[in-house]
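Have a look at the chain first, then read on.

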Amino acid sequence: MSTRPTVSPSELEQIDLASPVLHAEYELDEVFRHLRAERPVYWQQPRNEQPGFWVISRHADVSEVYKDKEHFTTEHGNALATLLTGGDSASGAMLAVTDGVRHHQVRNVLSKGFSARMLDLIAHTLQETVDGLLLAALERGECDAAQDIAADVPLGAICDLLEIPHADRKYLLGLTSHAWSTDYADEPPEESWVAKNEILLYFSKLLKERRGGDREDMVSLLANCRIDGDPLKAAEQMANCYGLMIGGDETGRHAITGTILALIENPDQWRALKNGDVDLNTATEEALRWTVPSLHGGRKATGDVVINGRRINAGDVVSVWISSANRDESVFDAPDEFNLARTPNKHFTFAYGSHYCLGHYLGRMEVYAVLDGLRRLVGDLEQIGEERWIYSSILHGMSSLPIRITG
């Protein structure tokens, strides 16, 4: 039902790929198809006060950048929004924007929080949550899939992992949904900074409460762990709670809403899901490839390097476009088709290499639970109003998707 205009490749030199408005209000498939074919390593010239940056669009080149720790770093930021505005304040503290030995050490700590016991507990709770949300929607007959279904699924999972009190969860959802995106083009940027700071303040208090305790949740793990005999710095503890909360909530939420829209727009795939013609694990991977909750990843070049024949200089900002690599014709057969039976499916939705998303377990479990619930409980889905896309240059998803749902 989307009426977003398509940007022509002839307009490439006029558009700004770092613009949240561009990604919310326009379709860019033709632009990225052109980039993959003709300009796979493209330099976007500076726009007004904004510096220029490299745009990497092919699957093979994205993979090369992700793997090359010698020439690329996340320590100045991992998204254009921070890389083009002076860097990320969480650099060297939050796992996603830390490299080298410290990245390995902190990643090992956080990995312990994803224990088999915890993941089994979350999987069970997820099924109950999804079934409850779908049954409530079925009883009403109409709902907003983004707000009434997708918003509550990942929130419950990440809050279980962090053992966030139930009374605080809706408050945190409101904050995370505005930390890296807005619902409207003219929403003041201060809203984002306030949301980020409120999240950090919340976790500062929670970490203090859990210091010295014997609980096994992720917040307690960060509050009480030691690396080489020393506790994590307070900034590292807060930044990684923040990173887990944002990553765990935003990715799953947008993947779920996007999956529901894809099933509505592709009735043959809805029938395949309902008839049990597709394996749910395989279907989950296609849902993740298709929806692309994170549009791009960002790096800064630490040394001169050549990618696909183009020289990238030390200090240059580099963006790798997951949304484009996931549609690369040289890797995926009929990439512009939503095919729940697609295999193999080497998408970059959770990135690749040393910064492969630590929460990929949760993202997969969340989408799987929704597909399973839809297959068991829902007879039909219909879009009854125009979807509303979020304004962000990094996140890709909807703030609203009105649907009719029947058993």
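The notes below cover the overall fold, the surface and the salt bridges.

This is a predicted model, in which local features need pLDDT of at least 70, side-chain atom pairs count only at pLDDT 80 or more, and totals for chains, interfaces and linings use all residues. Residues are numbered from 1 along each chain as its sequence is written, and side-chain values use heavy atoms, with hydrogens and water left out.

**Overall fold**
- The chain has 16 helices and 14 strands, taken as DSSP runs (helices are H or I, at least four residues; strands are E, at least two) and numbered from the N terminus.
- Along its principal axes, the C-alpha trace spans about 60 × 60 × 40 Å.

**Burial**
- Of the 407 residues, 57% count as buried (buried is under 20% relative accessible area, exposed over 50%, partly exposed in between, with a 1.4 Å probe and protein chains only).

**Salt bridges**
- The whole structure holds 23 salt bridges (a side-chain nitrogen of Lys or Arg within 4 Å of a carboxyl oxygen of Asp or Glu).
- One of them joins Arg117 and Glu216 at 3.3 Å, N to O.
- Arg117 sits in helix 6 (residues 116-140) and Glu216 in the loop between helix 10 (190-210) and helix 11 (218-224), so this pair ties together parts that are 99 residues apart in sequence.
- Arg117 is partly exposed at 47% relative accessibility, while Glu216 is exposed at 57%.
- Glu286 pairs with Arg289 at 2.8 Å between the closest N and O atoms; both lie in helix 14 (residues 280-291), and both are buried.
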